[in-house]
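Q: I have a new model open and would like to learn how to read its features. Could you take me through them one by one?

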Amino acid sequence: MIASIPYPNIDPVIFSIGPVAIRWYGLAYVAGFVVAGFLLRSLVRRWKIDLSDDDVIDIILLAVVGLIVGARLGYVIAYGVGSYWDDPLSIFALWDGGMSFHGGLAGIMLAGAWIAHRKGITALRLFDLGAVGAPIGLFLGRIANFINGELWGRETSVPWGIVFPNAPTAVPRHPSQLYEALLEGLVLFIVLFALSRKGREDGFIIGWFLTLYAVFRITVEFFREPDTQLGFILGPVTMGQLLSVPMFLIGAWLVWRAIRAGKRKAGTDEEAATTGG
């Protein structure tokens with residue numbers, strides 16, 4: 001018999017008052033945005049960006065709207081496989097689950113571009129600010145996925161395999177939610193926070209966020225069970241991997257663009273210093 005670690009069976013509902021239930025998943029969203037908001041406020045002051053505390057609150061609130069709308073629409077379009085056409089009102093049933101990270105990212109960036117224009121800063125600079133705090137929400141969200149017993153991994157014989165009660169077969173599986181929490185959450189935050197403490201051109205940090213997230217997501221998808229309604233898309237490729245490819249390409253381009261801009265700026269400064277001397 002293959003050894004496995006017992007699933008903790010944590011109740012997804014923290015507490016309920018009548019018909020209102022407070023869930024770990026919802027708390028993860030709230031906590032992620034609150035912590036990211038404080039971090040954003042700190043970075044605004046350190047980077048000397050002309051944004052007030054009220055501006056930061058506006059940005060966070062709009063990011064919440066962009067995330068929820070984008071994540072839900074992204075799931076409906078990419079993972080719904082037409083099922084929502086039979087019952088369009090079920091699109092609004094967020095409590096039934098079904099959120100796409102890639103859709104949420106698109107929603108946040110669209111909202112961010114709009115509010116950056118309103119606040120008088122470049123969109124890439126605002127994206128850089130948001131990218132530093134984003135892994136916190138990703139970490140908490142993946143932990144909540146684990147508590148919900150969803151998005152489990154593929155069957156495995158590794159000693160840390162877990163038998164998820166909601167999985168179709170009672171066999172040990174990779175705790176892929178925890179893999180993602182570690183890579184997309186903790187590791188990504190450490191890298192981006194370190195980058196945020198150094199000089200950088202606009203777009204450098206969001207570029208690394210997109211690039212590293214794509215690499216981590218594509219890697220973990222090899223251990224994560226594909227969505228039941230979709231399965232594999234192209235051979236062994238999953239939808240999550242497919243959607244991460246353009247993220248990687250855009251992120252790598254932004255990093256290259258920022259590095260080139262930094263070198264060009266350094267060359268201009270050196271030329272000016274030489275001319276002035």
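A: Gladly! Let's start inside, bearing in mind that this is a predicted model. Leaving aside neighbours within four places in sequence, F209 is in contact with F101, L105, A131, A134, P135, L138, L188 and L192.

Q: Which residues touch the most other members of the largest nonpolar core?

A: A core is read as a set of buried nonpolar residues joined through their side-chain atoms. Here the largest one has 42 residues, and L129, I206 and F209 touch the most other members. Two or more residues come from each of α1 (24–46), α2 (53–78), α3 (101–119), α4 (123–148), α5 (176–196), α6 (204–220) and α7 (239–276). The top contributor is α6, with nine residues. There is also a second, separate core of six residues, F146, W152, I162 and F164 among them.

Q: Now for the overall layout. In what order do the elements of the protein chain run from the N terminus on?

A: The order is β-β-α-α-α-α-α-α-α, that is, seven helices and two strands. For contacts, look at how far apart the partners are in sequence: among those between residues at least 6 apart, 69% join residues at least 24 apart.

Q: How much of the protein chain is buried?

A: Buried residues account for 42% of the 277 residues. The accessible surface of the protein chain is about 15100 Å², and carbon and sulfur atoms hold 68% of that surface.

Q: Which residues form a nonpolar patch on the surface?

A: Look for I10, I14, F15, I17, V20, I22, W24, L27, V30, V34 and F38, which together have about 980 Å² of accessible area. The elements giving two or more residues to this patch are β1 (13–17), β2 (20–23) and α1. With five residues, α1 gives the most.

Methods
Residues numbered from 1 in each chain as written. Predicted model: local features only at pLDDT ≥ 70, side-chain atom pairs only at ≥ 80, totals over all residues. Heavy atoms only, no water. Core = buried A, V, L, I, M, F, W, Y, C linked by side-chain atoms within 4.5 Å. Buried < 20%, exposed > 50% of the residue type's maximum accessible area, 1.4 Å probe, protein only. Helix = DSSP H or I, 4+ residues; strand = E, 2+ residues; numbered from the N terminus. Contact = heavy atoms within 4.5 Å. Patch = residues over 30% accessible without salt bridge, like charges linked within 9 Å, V, L, I, M, F, W, Y side chains within 5 Å. Areas by Shrake-Rupley, 256 points an atom, 1.4 Å probe, with all protein chains shown as cover. Salt bridge = Lys/Arg side-chain N within 4 Å of Asp/Glu carboxyl O.
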